[in-house]
Amino acid sequence: PLSEAETHTYVNLLVSELHVEPEVFASACRELRKATADPFAPSYNVAVAAELLGDSFTKGLSDDMAWATEITPALAGLQGNPRRIKRFLNDLTWRWRAADRRGVELRQDVLAKLMVLEDQAGEDFQTLFNWQMNADGPSPELVAAETLARGGGEKPAPAEKTADVRRGKEKTAVDDEPPVDADDAGDAVTEAAAAWYDRAATRRWLELQPDLREVNLRPYFSYFRDRLVIGSVAAGLRPDLQVLLSKILSEVVAVSRAGVEAVGKLPAPDQDEIVLAMLDSVQRHANGPALFPLCEIASRVPRVAPTVCEGVARLPHRSLTYAAVIGVASRLSVPQRADVLAGWEASPVDAVQKAARVALRPRPGR
């Protein structure tokens, strides 16, 4: 693996190779090899490049080396693997040039930091996208998480019953939950940030430069659509419905619940499009973020309930977890869940069968 200093030199050499003639570059490499025999020799930076390349050292190369220097700390997430670094730079250059052709100004260091998260933690990358789509400027959750990582904030004190930030940890009885007000939403943002900070890998990513607290990442995500589109159906939604869908899938419960409620106010054709997009997502990833809010929509909008229940009932049993079955049952109304659970109760998958039987047990007072 390359050290950080070696990564800096390697990245600058790759950039230089794009700007100078092959024979000039080969000569510079030979001279650099001789210089690096000295353990105290400087890395290949702008000053060294200007000396070695002479007239071939142009302003364009100087500018490119400047942003290459800015992204080197972010490349630490690639564990100094030269092949991964080169692929990473090729991808970054392609995305940056695509934006430039459209007149969109992206910072290479910001783009690089996002690409490290995309490469190392796809689920967290999707989470960050969902946060950003629910924000008009910088994501409040990311701002809070970066502040924690840089020593400028305090983690929330543990509570007996914390706000349910991640879908997999929500309470099973939705109708027992109190309404969420603005203060609860603020608490959820703080706890979402703390959950990120608590994970060592994500904390290391947050500590990378640059600081993203004042950056609106929305334009950047346009160049990650291959990783972020939920499915082919969602890709065809109108922009306003795509924004609503991102809110429904938010990990912040207050935001997601508001999105679910908004579906009930849509015209019937728009409701159908949202439901079909979510069913498409559930069929691709049964335990993903769309399953529970889809069932909540069915409970609130009876006209779509048959479509939702039929789609959920047809999910492959082996793709479901015990928690998913219990969560579905708690969100559907009693008549809706009866048919779904009947098929799951006879499942050959033990976890699904046991969860369905637990969910079908009568509860006192219900």
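Is Ala298 buried or exposed? Ala298 counts as buried, because its relative accessibility is 0%; here buried means under 20% relative accessible area, exposed over 50%, and partly exposed in between (1.4 Å probe, protein chains only). Before the close-ups, a word on what you are looking at. This is a predicted model, in which local features need pLDDT of at least 70 and side-chain atom pairs count only at pLDDT 80 or more, while totals for chains, interfaces and linings use all residues. Residues are numbered from 1 along each chain as its sequence is written, and side-chain values use heavy atoms, with hydrogens and water left out.

View 1. You will find 21 helices and zero strands in the chain; helices (H or I, at least four residues) and strands (E, at least two) are DSSP runs, numbered from the N terminus. Of the 366 residues, 46% are buried. Contact means heavy atoms within 4.5 Å. Taking contacts between residues at least 6 apart in sequence, 72% join residues at least 24 apart. The chain exposes about 18800 Å², and carbon and sulfur atoms supply 52% of that area (Shrake-Rupley method with a 1.4 Å probe; for residues, only the protein chains shown count as cover).

**View 2. Helices α1 and α2, side by side.** Helix α1 covers residues 4–19 and helix α2 residues 22–35; they pack at an angle of about 160°, with their axes 10 Å apart. Axes are lines fitted to C-alpha atoms, for helices over the stretch in contact, and angles run from 0 to 180 degrees between N-to-C directions. The pair is therefore roughly antiparallel: angles under 35 degrees count as roughly parallel, over 145 as roughly antiparallel, 65 to 115 as roughly perpendicular and the rest as oblique. Thr9, Leu13, Ser16 and Glu17 of α1 make the contact with Phe25, Cys29 and Leu32 of α2.

**View 3. Thr7 and its neighbours.** Stay with helix α1, where Thr7 lies. Thr7 is buried, with a relative accessible area of 5%. Leaving aside residues up to four places away in sequence, Thr7 touches Leu2, Thr72, Leu75, Gly80 and Ile85.

**View 4. Helices α15 and α17.** Helix α15 (residues 253–263) packs with helix α17 (residues 291–300) at an angle of about 40°, their axes 9 Å apart. The two are therefore oblique to each other. On the α15 side, Ser256, Arg257, Val260, Glu261 and Val263 meet Pro293, Glu296, Ile297 and Arg300 of α17.

**View 5. Ala298 up close.** Here we return to the residue from the opening question, which lies in helix α17. Not counting residues up to four places away in sequence, Ala298 touches Val304, Ala305, Val308, Leu332 and Gln336. Ala298 and Gln336 are 38 residues apart along the chain, and their C-alpha atoms are separated by 8.4 Å.

View 6. Ser330 sits in helix α19 (residues 322–331) and is buried, with a relative accessible area of 16%. The Ser330 side chain reaches the backbone oxygen of Gly327 at 2.9 Å. In helix α21 (residues 350–360), the buried residues include Val352, Gln353, Ala355, Ala356 and Ala359. The buried residues of α21 pack against α19 and α20 (334–345).

Technical notes:
A polar contact is a pair of N or O atoms within 3.5 Å; within protein, one must be able to donate a hydrogen and the other to accept it, and residues adjacent in sequence count only if both atoms are side-chain atoms.
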